[in-house]
Amino acid sequence: MKWLLGALLLLLLGALFQVGLLVYAMYVLLGVLLVSRFLAREWIEKLSATRECGDETVGIGEKMTIQVTVRNGGRLPVPWLLLEDSLPMEALTKSPPRLSARGPRLMIAHLPARQEKVLSYQLQFLARGYYQIGPLLLESGDLFGLHRRYRVVTEPHFVLVPPKVVPLAGYDLASRRPLGEIRMSHRLFEDPTRIAGVRAYQNGDPINRIHWRATARTGLLQSKTYEPSCIAGATLVLDFHERSFCGRGEVVRSELAVTTVASLAHALHQLDQQFGFLTNGRDAADRIREEGWRHEFRSRTVARSRVGMRERSDRLRPVVIETRRGASQFQQVLETLARLEMTDGLPFPKLVAETTNRMPRNATVVAVLGDVTDEAAVALSNLRRRGYAVTADLVAFDEPQTPDWAERPDWASWLLAAGVDVRRVDSESAVANLCAERLLR
């Protein structure tokens, strides 16, 4: 635009002062500018692209080949073209990296009319997450460098990498409120909807307990026996606030917390128990741009800023998966954990306060935390006093195996007094033995 305005100004000055050579030069310059502008727009608008990827869900450590095909559908050859397939830079540059790319994902090419160019590279997914592959950013222009055009083509491809699942080595069935469903050793409470069998009538048995069919068959009064009441399943609560994992080993601890929740959900699924999931983390799907693809831009900076996922999310609501059982429930929890990101919004005590009414009372509340603050300990203690069975799994590397009983922290005293079991997780082997022992008794 500046070149065009300058040429028009010089043309007017040449015509005003009757400088013929200047007028002729400006006519030529204007012609070159207009032709260059037309060609640059014509070249970039006739380009299209398609992307071929593997599955939408891959495992940690697996590789995927990305192949992008760019086709020139116009009648004119494109003298130069810069192709760049977008990848999440944070995942590539973060330490340790979550994503590894091999092969050229940026290419400079000459594209004849009705011809194609293929851009191929390989990705390896090193950690769980939700990764946006693409879209493709094209850059072209005229031969004089006067006009450049930037265009985004192809919609992005999203790849889901679920967290690692560690099989649990055992289950603490003798604990006070265990994970999963168990039979109570003393039939203090019985479920009248679940008949276990019959027995001889005993003095004091109510009339509604008599099994009339068995009585008619045997000729003697028979009474029903019922299954004892039980604790079924668990509500998994993950504290994924940034302050909970600050300090040494932040990335490793946060990933270990996600692995802990995934492993517990897997164990509950194997036991065919109900389970739900609550967290104050952020769902990466909330940052997806729903529009803005296949647009043309005037600068590379603006184009790059429009092709990636949004950096922030304004979501302050907790992520909630209602309590159910089955393979679909486990798959939903895994997908949610794969997309989960840390947030600086909702702290753990407020998460508990907002979701208490969504926790079934017949399920154990298993809280996975990176740090236990006084406020978090009070929130867990209040849950226990309200009749919930509560277990706290602390993901920590630098804390001692058990608190110093002479100078134990306040949160340990509060949890102990409320009868909350506390377990410590510092490795995947500790996750495997998570249900085999308790730290605080």
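**Cores, sheet and a buried arginine**

Author: This is a predicted model. Its largest nonpolar core has 34 residues. Those with the most contacts inside this core are Leu236, Leu238, Leu264, Phe277 and Leu337. H5 (250–270) gives the largest share, nine residues. S13, S14, H7, S19 and H11 (428–432) each supply at least two residues as well.

Reader: What makes the second core, the one with Leu119 and Tyr121, a core of its own?

Author: Membership needs buried nonpolar residues joined through side-chain atoms within 4.5 Å. The second core is a separate set of 29 residues. Ile133 and Val153 are also among them.

Reader: Which residues does Leu238 touch?

Author: Contact means heavy atoms within 4.5 Å. Leaving out residues up to four places away in sequence, Leu238 touches Ala257, Val258 and Val261, among others. Its list also includes Phe277, Leu337, Leu351 and Val368.

Reader: Why is the six-stranded sheet called mixed and open?

Author: The order is S17-S14-S13-S19-S20-S21, and the pairing is mixed. S13 (234–238) and S19 (364–369) pair in the parallel sense over five bridges. S13 and S14 are also parallel, over five bridges. S14 and S17, however, pair in the antiparallel sense over four bridges. As for open, the edge strands S17 (319–324) and S21 (421–425) each pair on one side only. From one strand to the next, the twist averages 15°.

Reader: How do you know that S13 and S14 pair?

Author: Two strands pair if there are at least two bridges between them. S13 and S14 have five. One of the residues involved is Ala234, whose partner in S14 is Phe275. In S19, the partner of Ala234 is Thr364.

Reader: What makes S14 a covered strand?

Author: Five of its five residues are buried, so S14 counts as mostly covered; buried means under 20% relative accessible area. Phe275, Phe277 and Thr279 are buried on one side of S14, and Gly276 and Leu278 on the other. In a regular strand, side chains alternate between the two faces of the sheet.

Reader: Which strands does H8 touch, and what covers its buried residues?

Author: H8 (348–355) packs on the sheet and touches S13, S14, S17 and S19. Its direction makes about 145° with that of S13. The cover over its buried residues includes these strands and helix H9 (374–385).

Reader: Why do you say H8 has a buried side?

Author: Its buried residues are Phe348, Leu351, Val352 and Thr355. They cover an arc of only 95° around the axis, so they lie on the same side of H8. The face turned away carries Lys350 and Ala353, which are exposed.

Reader: Why is Arg128 called buried?

Author: The cut-off for buried is under 20% relative accessible area. Arg128 has 5%, so Arg128 is buried. Arg128 lies in the loop between S6 (116–125) and S7 (129–133).

Reader: What is Arg128 in contact with?

Author: Setting aside neighbours within four places in sequence, its contacts include Arg98, Glu255 and Arg339. Ile60, Val161, Pro162, Pro163 and Phe240 are also among them.

Definitions and conventions. Residues are numbered from 1 along each chain as its sequence is written. This is a predicted model: local features need pLDDT of at least 70, side-chain atom pairs count only at pLDDT 80 or more; totals for chains, interfaces and linings use all residues. Side-chain values use heavy atoms; hydrogens and water are left out. Axes are lines fitted to C-alpha atoms, for helices over the stretch in contact, and angles run from 0 to 180 degrees between N-to-C directions. Buried means under 20% relative accessible area, exposed over 50%, partly exposed in between (1.4 Å probe, protein chains only). The arc is that of the directions from the helix axis to the C-beta atoms.
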